[in-house]
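Subject: Structure for you to look at

Hello,

Here is the structure I promised to send. Please open it next to this email and follow along.

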Amino acid sequence: MKKLVLVGCLLFASATLCAESNPYVKAYGGYNNMSLDSTRGGVDFGGDGYSLGLGVGNNFSDRFRGDISYTFIETHNHSGDHHNQHNIWGHDIGHDSEIKQQLLLINAYYYPLKKRNINPFVGAGAGWGFFDGDGVDENNLAYAVYLGLDFDMSNKISLEIAGNYSSILAPASWLENLYNLGITAGLRFKF
């Protein structure tokens, strides 16, 4: 699977080089809420945290753009019993556990209404996700969807505000769902 993600990144980079070149870089950060549900025992975990990310991409046209992004997410489990750890299929996860995720995604964005300075967009991405929490280290396919607004501050700089939903698909045999809801703000610098 890692080879599949690498091939996807290379294809994206090739398409970017062959298309009209309007490259950009972006940096973003924001609030994140994570939920993790177990497959057995009905124990649910959740927590608040933050996300930070970087991306490199290309504006293919006025309505389409794409990028490769890296996002780091850190959350703390604030659910469950304050004094006990829960053993879920051999993994102990307790109250206030630190959970880290890393997402490497290829994203595509579409602008349905192209206005002058404020532009709504929708987006989706797929790639690979890494999960690390209380000694559990897993990785698997990941995806994300986005809904946001771009505010053109100049011809070269845009402020981007987006809500997002992301998930790592079954990162461990003992998990049913691992998903994140977040809101980010960042700057996109066009060349």
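A residue is called buried when its relative accessible area is under 20%. Keep that cut-off in mind. Also remember that this is a predicted model.

I looked at the charged pairs. Side chains of opposite charge can pair when their charged atoms come close. The structure holds 7 salt bridges.

Start with Lys 26 and Asp 67. Their side chains form a salt bridge, at 3.0 Å from N to O. This pair links distant parts of the chain. Lys 26 sits in strand E1 (residues 23-38). Asp 67 sits in strand E3 (residues 64-77).

Buried or exposed: which is Asp 67? Its relative accessible area is 0%, so Asp 67 is buried. Lys 26 has 7% relative accessibility, so Lys 26 counts as buried too.

Lys 26 has another partner, Glu 160. Their side chains meet in a salt bridge at 3.9 Å, N to O. Glu 160 lies in strand E9 (residues 157-168), while Lys 26 is in strand E1, so this pair ties together parts that are 134 residues apart in sequence. Glu 160 is buried, as is Lys 26.

Now go back to Asp 67. Its side chain also meets that of Arg 65 in a salt bridge, at 3.6 Å from N to O. Arg 65 and Asp 67 are both buried.

Salt bridges with shared partners join Lys 26, Arg 65, Asp 67, Asp 150, Glu 160 and Arg 188 into one network.

Best wishes

Technical notes:
Residues are numbered from 1 along each chain as its sequence is written. This is a predicted model: local features need pLDDT of at least 70, side-chain atom pairs count only at pLDDT 80 or more; totals for chains, interfaces and linings use all residues. Side-chain values use heavy atoms; hydrogens and water are left out. A salt bridge is a side-chain nitrogen of Lys or Arg within 4 Å of a carboxyl oxygen of Asp or Glu. Helices (H or I, at least four residues) and strands (E, at least two) are DSSP runs, numbered from the N terminus. Buried means under 20% relative accessible area, exposed over 50%, partly exposed in between (1.4 Å probe, protein chains only).
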